[in-house]
Amino acid sequence: MANPGYGKRSAPGQRPRTDHDFAHLLPRDAAVAAYIDGLCDGADISVKTLAKMLPYGQCALRTTLNRLQEAGHLRRGSECVATEEALIWVTRTFFSRTWHDDDWWDAFTRGDVPQRQSAQRPTRSRSFILLAALGRHTPMLTLSQADCVALEPQVSEWFERGATEPEVLHALTEGLPARIHHAAALLGRRLRDKLPPVREAAPAPRVVLRALECGECRAPGSAEAMRGGLCATCRGNAPEASCGPAGAVPVQGVRARMSAVRAGLVPRAERGHR
């Protein structure tokens with residue numbers, strides 16, 4: 001496993017693995033990407049470790065990782081991890097089998113990208129499972145499979161309106177008569193008569209603390225500034241002119257201006273004679 005900062009972290013939103021996932025890459029880049037894709041999360045993917053496992057030198061692997069970054073398969077950055085005692089910023093190397101553009105990585109740093117969902121649907125719905133388990137706690141409410149299928153849409157409507165499982169169970173099992181002749185009919189009547197109004201639940205605020213770093217100089221910055229995983233300076237773009245009041249000294253001219261000011265000062269030994 002890796003030291004902090006060089007462990008693989010799988011990005012969300014990846015499609016199922018196929019034989020042509022990296023066909024758009026150069027042969028060496030595709031081979032390295034396929035190798036990283038097969039590693040588990042937390043595995044060391046630093047240049048030195050990859051050089052020990054693959055038939056490529058460190059310089060070649062460093063170039064390949066930079067090209068994977070440009071192709072949208074890899075990003076380096078930092079993430080805030082909450083522990084019981086403090087919030088700790090740790091370095092991350094995110095890898096995605098599916099390539100993503102800069103806008104996707106920008107959304108990922110904000111926490112807006114949905115997590116990958118399972119391709120297989122459960123064999124039974126939440127509503128069916130609740131109905132089938134009623135007989136375990138209240139034997140007089142034991143239902144057949146046909147009864148569970150018939151009542152399933154009504155229970156699903158409760159869940160769609162924001163009801164919780166304890167609320168549904170309370171509505172179905174509280175205050176039962178001493179004798180029940182037809183459990184399915186009784187439950188169906190309760191589900192209709194006690195149907196709650198639509199409950200609009202406000203989404204809980206989600207704060208994601210995450211930032212990206214330049215793949216070349218490791219300078220931190222916003223995702224918007226890291227086009228292709230590189231900062232503006234490493235991409236060869238001239239830095240933007242600094243904004244300030246009229247007559248302000250540019251950053252690169254501060255040292256020269258201070259030298260000129262010092263040269264014009266009167267020495268302390270001569271101040272009393274003037």
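The model is predicted, so local features need pLDDT of at least 70, side-chain atom pairs count only at pLDDT 80 or more, and totals for chains, interfaces and linings use all residues. Residues are numbered from 1 along each chain as its sequence is written, and side-chain values use heavy atoms, with hydrogens and water left out.

The protein has eleven helices and five strands; these are DSSP runs, with helices (H or I) of at least four residues and strands (E) of at least two, numbered from the N terminus. Of its 274 residues, 33% are buried, meaning under 20% relative accessible area, with exposed over 50% and partly exposed in between (1.4 Å probe, protein chains only).

Now the helix pair. Helix 7 (residues 145-160) and helix 9 (residues 183-193) pack at an angle of about 15°, with their axes 10 Å apart. Axes are lines fitted to C-alpha atoms, for helices over the stretch in contact, and angles run from 0 to 180 degrees between N-to-C directions.

Which residues of helix 7 meet helix 9? They are Asp 147, Leu 151, Gln 154, Val 155 and Trp 158. Their partners in helix 9 include Ala 184, Leu 187 and Arg 190. Contact means heavy atoms within 4.5 Å.

Last, Arg 218. This residue is in the loop between strand 4 (210-213) and strand 5 (220-221). Most residues other than glycine have a negative phi. Arg 218 is partly exposed, with a relative accessible area of 36%.
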